[in-house]
Amino acid sequence: LGKTHPSTLNTIYNMGLTYQNGLKDFVKAEEMNRQALDGYERSLGKDHEDTKRCAHNLACLFQASEMNSKPKMATLVKEYPHLTSNWWVETMLW
């Protein structure tokens with residue numbers, strides 16, 4: 001199917017969720033989420049719902065992992081301003 005095919009990206013995204021929620025391997029989860037986000041951006045664009053969903057999940061990962069997340073969250077919010085509609089994202093940026 002290819003690296004940027006929606007089915008491939010959905011699989012990578014779901015693997016990231018498994019690393020995050022099931023295995024609690026936040027480093028690997030971040031790697032998978034960033035790979036999926038990059039693919040969604042390239043193939044679907046930043047405004048596509050799947051891209052936004054992936055960015056939101058990356059923000060959730062930063063909130064859950066607390067591993068030097070404030071700078072990462074600030075960078076993510078600059079690229080995806082829609083994330084500031086989540087109150088917990090705002091609190092991480094204070």
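**Notebook: a buried Asn and the core**

I looked up Asn-57 first: at a relative accessible area of 8% it counts as buried (buried means under 20% relative accessible area, with a 1.4 Å probe and protein chains only). This is a predicted model, where local features need pLDDT of at least 70, side-chain atom pairs count only at pLDDT 80 or more, and totals for chains, interfaces and linings use all residues. Residues are numbered from 1 along each chain as its sequence is written, and side-chain values use heavy atoms, leaving out hydrogens and water.

Asn-57 sits in helix H3 (helices are DSSP runs of H or I, at least four residues, numbered from the N terminus). Which residues does Asn-57 contact, leaving aside neighbours within four places in sequence? I found Tyr-13, Leu-17, Gln-20 and Asn-33 (contact means heavy atoms within 4.5 Å).

Next I checked H2. Its buried residues are Ala-29, Glu-30, Met-32, Asn-33, Ala-36, Leu-37, Gly-39 and Tyr-40. H1, H3 and H4 are among what covers them. Just after H2, I noted Gly-45 with a positive phi of about 95 degrees.

Of its 19 residues, Leu-37, Leu-76 and Leu-83 touch the most other members. Helices H1 (6-22), H2 (26-44), H3 (49-65) and H4 (69-79) each supply at least two residues of this core. H3 gives the largest share, six residues.

Last, I followed Leu-76: beyond its neighbours within four places in sequence, Leu-76 contacts Leu-37, Ala-55, Leu-58, Ala-59, Phe-62 and Leu-83.

Technical notes: Core = buried A, V, L, I, M, F, W, Y, C linked by side-chain atoms within 4.5 Å. Buried < 20%, exposed > 50% of the residue type's maximum accessible area, 1.4 Å probe, protein only.
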